[in-house]
Amino acid sequence: MRYADRGGLSPAGRQRRETVRMQAAELFEQKIKPTEVARRLRVSPKSAYQWHQMWRDGGARALASRGPSGSRCRLSPRCLEKLAAYLDEGPAAHGWVEDQVWTAARVATLIGRKFHVSYSVSGATRLMHRLGFSPQVPARRVAERDEQAVTGWKEATWAEVKEPGRRAGATSASRTRRASRDGRDALGAGEAAPRS
């Protein structure tokens with residue numbers, strides 16, 4: 001499951017969760033046990049026990065939201081705007097003229113060149129998704145590839161080499177016994193015939 005905001009809940013989601021935790025704090029103040037709090041608020045008992053421990057240690061303030069989880073973005077909002085503009089310009093504008101594909105590795109390199117900040121390939125991917133872009137993987141083709149030879153091979157050689165599919169016909173669905181030719185299950189010697 002992917003979340004909207006840096007790998008955590010959205011602001012609205014964080015607010016909903018904080019509201020539930022504050023309701024739990026009110027119930028704890030009324031001396032209601034965590035299992036009953038979990039049942040009433042429809043949360044897991046584990047969460048209720050954790051919240052109860054936090055409430056005992058720090059009161060209702062300990063259950064307040066601490067903001068978005070995960071590491072902070074190392075680029076400022078202004079730098080993110082610039083990065084989006086650079087990505088809109090295309091790879092050729094920044095030195096990659098062989099194709100018009102933004103790979104995550106290229107974006108990580110671009111960030112390093114323009115902002116002097118080091119990003120891993122996976123970090124660049126997450127940043128691109130956050131900006132509304134998706135990294136593309138270039139098609140891996142051999143430079144010497146001969147399309148006519150490939151087409152000819154597929155039509156001539158592959159047609160001969162390829163095994164034919166299974167014949168259409170009666171098949172058995174049983175894993176243990178094959179169907180007999182007369183339609184009844186094949187019985188072993190000495191087994192009784194079916195009752196009528």
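Among the elements of the chain in this predicted model, helix α2 (residues 34–41) has the highest mean pLDDT, 95, and α7 the lowest, 82. The chain as a whole averages a pLDDT of 81, and 75% of the residues score at least 70.

**Largest nonpolar core**

- The largest nonpolar core holds 17 residues. Those touching the most other members are Leu 75, Leu 83, Trp 102, Val 107, Ile 111, Tyr 119 and Leu 127.
- At least two residues of this core come from each of α4 (77–89), α5 (104–115) and α6 (121–130).
- The biggest contribution to this core is that of α5, with 5 residues.

**Second core**

- A separate core of 14 residues has Val 20, Val 43, Ala 48 and Trp 51 among its members.

**Surroundings of Trp 102**

- Neighbours within four places in sequence aside, Trp 102 contacts Tyr 86, Leu 87, Gly 90, Pro 91, His 94 and Trp 96, among others.
- Further contacts of Trp 102 include Val 107, Leu 110, Met 128, Ser 134, Pro 135 and Gln 136.

- In soluble globular proteins, nonpolar side chains tend to be buried together.
- Val 161 belongs to helix α7 (residues 147–161), the element with the lowest mean pLDDT.
- Val 161 counts as exposed because its relative accessibility is 53%, and the cut-off for exposed is over 50%.

Definitions and conventions: Residues are numbered from 1 along each chain as its sequence is written. This is a predicted model: local features need pLDDT of at least 70, side-chain atom pairs count only at pLDDT 80 or more; totals for chains, interfaces and linings use all residues. Side-chain values use heavy atoms; hydrogens and water are left out. Helices (H or I, at least four residues) and strands (E, at least two) are DSSP runs, numbered from the N terminus. Buried means under 20% relative accessible area, exposed over 50%, partly exposed in between (1.4 Å probe, protein chains only). A nonpolar core is a set of buried Ala, Val, Leu, Ile, Met, Phe, Trp, Tyr and Cys residues joined through side-chain atoms within 4.5 Å. Contact means heavy atoms within 4.5 Å. pLDDT is the predictor's confidence in each residue, from 0 to 100.
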